[in-house]
Amino acid sequence: MKVVVFGGSGLVGDGFIKESLAAADVTEVVTVGRTLLDLSHPKLRQVVHTDFSDFTAITDDLAGVDACFWALGVSSSTVSAQDYERITYDYTMAAARTLATINPDLTFVYVSGGGTDSTERGRSRWARVKGRTENAIIKIFRNGYALRPGFVEPLHGKQSKTTAYRIFVRALPAIALIARLLRLTPVLMTSTTQMGQVALHLARAGYSRHVLENRDIVTIDALRR
């Protein structure tokens, strides 16, 4: 497979890249970002692109792609409502439309989040925008999927850029213990490794549902082993 990853500088994107590079059936991993990542690998090719509203200029770099793992995103609390919609929906759609012209049968894995509103009619703006994006991806690609993780544990030595998230990670052992005692781990928690492995599984074998909650992510990761 040839895999393209958007949002590779983030936690989940890093998991997508690392797991894809380690996979024997992945021949090439292409990352698309505004700057180069501090990473080198024989199977890795980095494409620097600044205009995320239009990806037609890098069509040649995306030729032959079999799967797209989309981890690009931003917290709704850090940007205006207009910027949140532009980054969450418009950027994703710009890439999806370009990729659909290259390979309409590719697997598009979109990282969403728990609590996303598929009806697009709820009170929470961020949940409506995420739901709208999920619905559009699934409509464009018959092999389109939305992952809705809960808390994602960072592995591979990657750290979040968000201070609150880093503080949460330091408290993770106690939180994980409580979650296990309450048998809530499959509902609440996953990891960057699991996210990467499940994305690859979807590209290889698909899944019966197109929207996967945290429990589905954990279940698929356990079953594929």
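Val79 touches Val74 and Tyr84, when residues up to four places away in sequence are not counted; contact here means heavy atoms within 4.5 Å. The structure is a predicted model, in which local features need pLDDT of at least 70 and side-chain atom pairs count only at pLDDT 80 or more, while totals for chains, interfaces and linings use all residues. Residues are numbered from 1 along each chain as its sequence is written, and side-chain values use heavy atoms, with hydrogens and water left out. Val79 belongs to the loop between strand 4 (67-70) and helix 3. With a relative accessible area of 26%, Val79 is partly exposed; buried means under 20% relative accessible area, exposed over 50%, and partly exposed in between (1.4 Å probe, protein chains only).

The protein chain contains nine helices and nine strands. Helices (H or I, at least four residues) and strands (E, at least two) are DSSP runs, numbered from the N terminus. Of the 225 residues of the chain, 47% count as buried. The protein chain exposes about 10900 Å², of which carbon and sulfur atoms supply 53%; accessible areas come from the Shrake-Rupley method with a 1.4 Å probe, and for residues only the protein chains shown count as cover. Among contacts between residues at least 6 apart in sequence, 66% join residues at least 24 apart.

Strand 6 (residues 144-148) has five of its five residues buried, so this strand is largely enclosed by the rest of the structure. Both of its faces are covered, with Gly144, Ala146 and Arg148 buried on one side and Tyr145 and Leu147 buried on the other. Strand 5 (residues 107-111) runs parallel to strand 6, and four bridges join the two; strands pair if DSSP finds at least two bridges between them. Within this pairing, Phe108 stands opposite Gly144 of strand 6. From strand 5 the chain passes through helix 4 (residues 125-140) to strand 6, in a β-α-β crossover that is right-handed. A crossover has this hand if, with the strands pointing away from the viewer, the path from the first strand over the helix to the second runs clockwise. Strand 6 is also joined to strand 9 (residues 211-213), by three bridges and in parallel. The bridge partner of Ala146 in strand 9 is Val211.

Thr107 is found in strand 5 and is buried, with a relative accessible area of 5%. Leaving aside neighbours within four places in sequence, Thr107 is in contact with Asp66, Ala67, Cys68, Asn143, Tyr145, Leu202 and Ala203.

Side chains of opposite charge can pair when their charged atoms come close. A search of the whole structure finds 12 salt bridges, each defined as a side-chain nitrogen of Lys or Arg within 4 Å of a carboxyl oxygen of Asp or Glu. One of them joins Arg148 and Glu213, with an N to O distance of 2.9 Å. Arg148 lies in strand 6 and Glu213 in strand 9, so the pair ties together parts that are 65 residues apart in sequence. Arg148 counts as buried at 7% relative accessibility, whereas Glu213 is partly exposed at 33%.

A salt bridge is also formed between Glu28 and Lys2, with the closest N and O atoms 3.9 Å apart. Glu28 lies in strand 2 (residues 28-33) and Lys2 in strand 1 (residues 2-6), so this pair ties together parts that are 26 residues apart in sequence. Lys2 is buried, with a relative accessible area of 9%. Lys2 and Glu28 are linked with Arg45 and Asp61 in a network of salt bridges.

Within helix 3 (residues 81-102), Arg86 and Asp83 lie three residues apart, about one turn of the helix. These two residues form a salt bridge, with the closest N and O atoms 2.9 Å apart. Arg86 is partly exposed, with a relative accessible area of 31%, and Asp83 counts as partly exposed at 28%.

Asn214 is found in helix 9 (residues 214-224). Asn214 is buried, with a relative accessible area of 3%. A polar atom of the Asn214 side chain lies 2.9 Å from the backbone oxygen of Met189.

How values were computed. A polar contact is a pair of N or O atoms within 3.5 Å; within protein, one must be able to donate a hydrogen and the other to accept it, and residues adjacent in sequence count only if both atoms are side-chain atoms.
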